[in-house]
Each structure stands twice: as structure tokens, then as C-alpha cells.
Amino acid sequence: MTDRESGIALHHLVLDAAEDTDHVINRARLRELGVTRKQIAAQIAAGRWLREGTQTIAVRTGDLSHRAQCWRAVWELGSEVALVDGADALKLAGLKGWDEEVVHVSLLHRHTANRRSGVKVHKVIRRVEGEAARAGVPRTRPAIAAIRAAHWASTDTAAATILAMTVQQRLVTGPQLIEAERTVKGRTRRAFLKRIVADIADGAQSLHELDFAAACRERGLPEPTRQAVKQGPQGRVYLDVYFEEYGLVVEIDGAGHLWALAGVSDALRANQLVIDGDRVLRINVVGLRVDLDAHMDQVAAALASDWAQANLARHAAAHAAA
């Protein structure tokens with residue numbers, strides 16, 4: 001066999017071995033296949049392979065897939081100690097619609113790690129029993145990864161969003177998320193995450209926990225009626241918050257209201273309220289948690305609108321006449 005034929009045969013051998021790892025392979029696996037350092041260098045020099053770190057070789061040109069980047073991150077930091085974690089572990093588990101600029105990896109605090117481009121290392125005090133999913137890319141299981149992703153998020157809004165998406169896309173259940181929040185003790189926003197996880201896990205979040213009325217009092221807004229009852233075409237309709245004199249309904253939706261077909265019945269009910277003469281503001285409970293002021297600004301603006309003031313005047317006149 002000529003040197004050229006030998007090189008081509010070697011190339012195809014490695015291609016087959018790297019098929020399950022999205023066309024990247026580490027040097028340890030190459031040694032197992034009998035590939036020498038000199039042969040690796042020759043393949044790189046020929047432009048067939050690319051060096052992607054001290055331990056990782058890409059066996060085809062072009063950008064690495066997300067899964068390949070995760071394999072690279074683990075190999076570069078040590079596959080026996082590093083786990084892909086946070087949002088990237090969730091993406092490996094099937095999370096859609098979330099992007100990160102780096103791959104998040106967790107290491108126990110006693111392990112040292114050299115910097116690697118495109119990798120963000122997080123030190124954790126301890127591992128949670130059973131947190132590692134070893135099939136495929138070494139990574140944390142979704143419930144643990146979700147809580148860590150929320151702790152590592154840049155803002156409260158981002159933290160709440162990724163938690164809600166994880167449950168919405170059925171990667172974890174509400175009870176699993178609650179248990180993970182109790183188990184994983186991050187360094188940031190602990191109290192906030194405890195509230196948000198409860199909101200997300202309980203699709204019928206009760207108003208007393210949010211204390212919407214207290215928020216109104218702090219702003220000097222009228223005291224609303226909570227859990228008001230109206231008679232609709234299909235029977236009784238229970239309203240979360242009702243400023244009856246102003247004709248304003250505020251519906252505070254638990255996280256579950258965004259999922260499946262729940263929004264259809266919500267929309268029909270809101271439409272009927274408008275047809276009957278009321279206005280409706282919809283506030284998602286997660287949004288209320290992360291930006292209370294913005295939502296209360298809208299409530300105040302609705303109460304101060306010409307339409308609401310006209311309702312108040314008619315209500316007052318009717319009351320005086322009675």
C-alpha cells in the first residue's frame with residue numbers, strides 16, 4: 001500500500017470512528033485506533049483535519065455543530081471531571097429556541113481548568129447524586145441543568161425564561177424542577193428562583209402569593225376585587241382581578257396558560273369580557289415576577305385612560321341615582 005493509499009485508508013477509519021461525535025475526535029481515541037502524532041500532523045497539514053484544541057481534532061472542515069462543540073469542551077477540560085451543564089445540557093436534551101455564545105461546563109471546585117476559547121467553566125461545590133447523564137456527551141440531567149442555567153443567566157428575565165421553556169417543552173416536570181431547586185444551591189438569585197420555580201410548577205398560581213392588591217396599594221391605585229364572579233353566556237366566569245367601577249379586568253396567567261390549548265379558552269373568555277363592555281389586561285405570572293413595575297405602569301395607565309374614567313363617572317352617577 002502506498003503512503004497515499006495508507007493516508008486515505010486512515011482518514012476513512014477515523015471518519016467512521018467520529019461519526020457518533022459529530023465529526024470530532026480526541027487524541028486518546030486516535031491513539032486507540034493506532035494513529036500516531038506524525039500521522040495526525042500529516043492529515044492536518046493536508047487540510048483534511050483541523051486542530052480544535054490540545055485534545056480535539058475535527059475530521060472535516062467547516063463550523064462545528066453544537067454537539068461537536070460540547071464534545072470538544074469536555075475533552076479539553078477532562079472527560080472524567082467535566083460535564084456540559086446549564087443551557088447547553090438542556091440543548092443536548094432537546095431544548096429549542098435558546099442560543100449561547102459559549103458552551104457551559106461545570107467542574108468541581110477542587111479541579112483546575114485552563115481557559116479554552118468558546119467554553120465557560122463554572123465551579124460547583126459538590127455534585128448532586130445522579131446528576132450526570134453519561135450516554136452521549138457527558139452532561140447534567142435536565143432538571144439540574146435548568147436550575148444551574150438560571151443561576152448563571154445574565155438577568156432575572158433570562159433566568160425565568162429558560163426555566164419556563166424547560167417545562168413548556170416537557171424536558172422536566174414541575175415537581176422535578178421544584179426538587180432540583182431545593183437541591184442545587186447556586187450563588188445568585190436564590191430567593192427569586194424559589195418564587196419563579198413555584199410559579200412555573202403551579203400553572204394555577206394563586207393571587208395571594210403575588211399579592212397584586214398590595215402592589216396596587218403601594219402605587220395608590222384603587223383596591224380591586226379579587227376572584228370576582230361574572231355571569232357569562234357559558235355560565236359563571238371567575239376573574240382574577242376586577243376593577244368593577246372602571247370596567248377593567250386584569251387576568252394573571254400562570255405559566256401553564258401559555259401551553260398547549262390553554263390559550264384558546266383564555267382568549268375566548270377575554271373576548272367575551274370585551275364584548276360585554278369590559279377591558280382586559282393579561283399579565284403572565286413570570287413577567288410579573290421579573291418586571292412588576294412595567295406591568296403596574298400599564299395597570300395605572302389603563303385606570304387613568306379616558307375610557308376607564310368615563311366608566312367611573314357612569315358608575316358614580318348610577319350609584320347616586322340609586
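The exercises below, each with a worked solution, concern a predicted model of one protein chain.

Residues are numbered from 1 along each chain as its sequence is written. In this predicted model local features need pLDDT of at least 70 and side-chain atom pairs count only at pLDDT 80 or more, while totals for chains, interfaces and linings use all residues; side-chain values use heavy atoms, with hydrogens and water left out.

**Exercise 1. The chain as a whole**

Task: State how many helices and strands the chain has, and what percentage of its residues count as buried.

Solution. Step one: the chain has 15 helices and twelve strands (DSSP runs numbered from the N terminus, H or I of at least four residues for helices, E of at least two for strands). Step two: 44% of the 322 residues count as buried (under 20% relative accessible area; exposed is over 50% and partly exposed in between, with a 1.4 Å probe and protein chains only). Step three: among contacts with a separation of 6 or more, 58% are accounted for by residues 24 or more positions apart (contact means heavy atoms within 4.5 Å).

**Exercise 2. Helix α6 and H151**

Task: Determine why helix α6 is largely enclosed by the rest of the structure, and identify the backbone atoms with which the side chain of H151 pairs.

Solution. Step one: helix α6 spans residues 142-152, and because nine of its eleven residues are buried, the rest of the structure largely encloses it. The buried residues of α6 are A143, I144, A145, A146, I147, R148, A149, A150 and H151.

Step two: H151, a residue of α6, has 8% relative accessibility and therefore counts as buried.

Step three: the side chain of H151 lies 2.7 Å from the backbone oxygen of T188, and a polar atom of that side chain is 3.4 Å from the backbone nitrogen of G186. Both are polar contacts (pairs of N or O atoms within 3.5 Å; within protein, one must be able to donate a hydrogen and the other to accept it, and residues adjacent in sequence count only if both atoms are side-chain atoms).

Step four: with neighbours within four places in sequence left aside, H151 is in contact with V184, G186, R187, T188, R189, R190 and L193.

**Exercise 3. Packing of α6 against α8**

Task: Describe how α6 and α8 are arranged, and list the residues that meet.

Solution. Step one: α6 and α8 (residues 174-183) pack at about 60°, their axes 9 Å apart (axes are lines fitted to C-alpha atoms, for helices over the stretch in contact, and angles run from 0 to 180 degrees between N-to-C directions).

Step two: α6 and α8 are therefore oblique to each other (under 35 degrees is roughly parallel, over 145 roughly antiparallel, 65 to 115 roughly perpendicular and the rest oblique).

Step three: A143, I144, A146 and I147 of α6 meet Q176, L177, A180 and E181 of α8. By class, this contact has six nonpolar, one polar and one charged residues (Ala, Val, Leu, Ile, Met, Phe, Trp, Tyr, Cys and Pro are nonpolar, Asp, Glu, Lys and Arg charged, and the others, Gly among them, polar).

**Exercise 4. Positive phi values**

Task: Decide whether H23 is buried or exposed, and whether R170 is buried or exposed.

Solution. Step one: H23, in the loop between α1 (3-17) and β1 (24-26), has a positive phi near 70° although it is not glycine. With a relative accessible area of 19%, H23 is buried.

Step two: R170, in the loop between α7 (156-168) and α8, has a positive phi near 65° and is likewise a residue other than glycine. R170 counts as exposed, at 72% relative accessibility.
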